[in-house]
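Hi,

Here is the structure I promised to pass on.

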Amino acid sequence: MTSYREIFPAKGLIVSCQALPHEPLHGGDTMAKMARAAVGVGAIGIRTNGVADILMIKQEVNVPVIGLIKRDIEGSEIFITPTLDEVKAIVMAGADIVALDITNREGRLAAVKPLIAWAHEMGAAVMADISTFEEGVAAEALGVDYIGTTLSGYTSYSRQAEEPDFELIRQLAETVKVPVVAEGRIWTPEDAVKAMNCGATYVVVGSAISRPQLITERYIQALNKLEG
Ligand SMILES: CC(=O)N[C@H](C=O)[C@@H](O)[C@H](O)[C@H](O)COP(=O)(O)O
């Protein structure tokens, strides 16, 4: 039987509160306030990027935090928690779950093993950010605790679509034993419900809640399509 570290008390919504240095909401306690707003109305967890935001959010709210560190490494396409250094920083900052790229690129499926082992040794759970069904199955075999569809549409060989990858959510939920986290391009409550109906245990919503510049842009684009 597959065992995994169960961190959340129930199914539900996880809100991703992330603002990279080039984004308008970056810095200060903005993401912690976002997290407070989300948890205040029922979000069961927060996903966030970087040590500063993990620390502040752990102080601010009393729900499990999924931590990641986005880092660009020259010559590599892997940017979500690429090395053991980031795993260590995430765990030391107090994240309950470490999110990391588990795609089939650059020998990652082998390279990621010590990262998973280290997180587990320290008592943290691991969420695999994958882009295809095969990667999800491989991630489960590596012993991860959660599988997220985060990177579908963000690797060259995965399904490219404007909508969430509901098919991937469904396929994974039918096959893997660990909880499936629906993540990526979930813009509406209806999308979230559909993702759950496809078998997800958790839904992560990011931009649609915490990136006002992208939310505004969608309105502008819609209005720009009006004639006259
Ligand atoms: C591909 C990538 O870099 N995804 C990142 C992963 O943490 C975040 O930028 C996304 O906001 C997050 O996955 C939630 O997705 P969405 O913002 O579409 O709801």
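Two housekeeping points. This is a predicted model, so local features need pLDDT of at least 70 and side-chain atom pairs count only at pLDDT 80 or more, while totals for chains, interfaces and linings use all residues. Residues are numbered from 1 along each chain as its sequence is written.

**The ligand**

The shell is made of 15 residues, and the closest are S16, Y154, R185, G206 and S207. Two elements, β8 (202-205) and α9 (207-210), supply at least two shell residues each. Those labels come from DSSP runs, numbered from the N terminus: helices are H or I with at least four residues, strands are E with at least two.

R185 is worth a click. It sits in the loop between β7 (180-183) and α8 (189-197), and its phi is near 60 degrees, a positive value in a residue other than glycine. R185 counts as partly exposed because it has 18 C-beta neighbours inside 10 Å. For burial, the rule is 20 or more other C-beta atoms within 10 Å for buried, 12 or fewer for exposed, and partly exposed in between, with C-beta atoms placed from the backbone.

**The barrel**

Eight strands close into a barrel in the order β1-β2-β3-β4-β5-β6-β7-β8, with parallel pairing. From one strand to the next, the twist averages 25 degrees. Angles run from 0 to 180 degrees between N-to-C directions, and axes are lines fitted to C-alpha atoms, for helices over the stretch in contact. Two strands pair if DSSP finds at least two bridges between them.

Some of the pairings, if you want to trace them:
- β1 and β8 are joined by four bridges in the parallel sense, and G12 stands opposite Y202 in β8.
- β1 and β2 also pair in parallel over four bridges; the partner of I14 in β2 is G45.
- β3 and β4 (residues 97-101) pair in parallel over two bridges, with V98 of β4 as the bridge partner of G67.

Helix α2 (residues 51-60) packs on the sheet, where it touches β1 (12-17), β2 (45-49) and β3, and its direction makes about 155 degrees with that of β2. Touching, or contact, means that the C-beta atoms of two residues, placed from the backbone, lie within 7 Å. D53, I54, M56, I57 and K58 are buried in α2, and their cover includes β1, α1 (30-40), β2, β3 and α3.

**Helices α6 and α7**

Helix α6 (residues 133-141) packs against helix α7 (residues 166-175) at an angle of about 35 degrees, with the axes 10 Å apart. F133, G136 and V137 of α6 meet L168, Q171, L172 and T175 of α7. By class, the contact has four nonpolar residues, three polar and no charged.

Which residues of α6 are buried? They are F133, E135, G136, A138, A139 and E140, and they pack against α4 (108-111), β5 (125-129), β6 (146-148) and α7. Just after α6, G143 takes a positive phi of about 95 degrees.

**Between β3 and α3**

The loop between β3 (65-68) and α3 (84-92) holds S76. With 14 C-beta neighbours inside 10 Å, S76 counts as partly exposed. S76 touches P82 and E106, leaving aside residues up to four places away in sequence.

T81 is in that loop too, and its phi is near 50 degrees, a positive value in a residue other than glycine. T81 is buried because 28 other C-beta atoms lie within 10 Å.

Next comes E86, in helix α3. E86 is buried, with 21 other C-beta atoms within 10 Å. E86 touches I69, R71 and T81, again not counting residues up to four places away in sequence. E86 and K70 are 16 residues apart in sequence, yet 8.6 Å apart in space, C-alpha to C-alpha.

Cheers

Terms used
A residue is near a molecule or strand if its C-beta atom, placed from the backbone, lies within 6 Å of it. Ala, Val, Leu, Ile, Met, Phe, Trp, Tyr, Cys and Pro count as nonpolar, Asp, Glu, Lys and Arg as charged, and the others, Gly among them, as polar.
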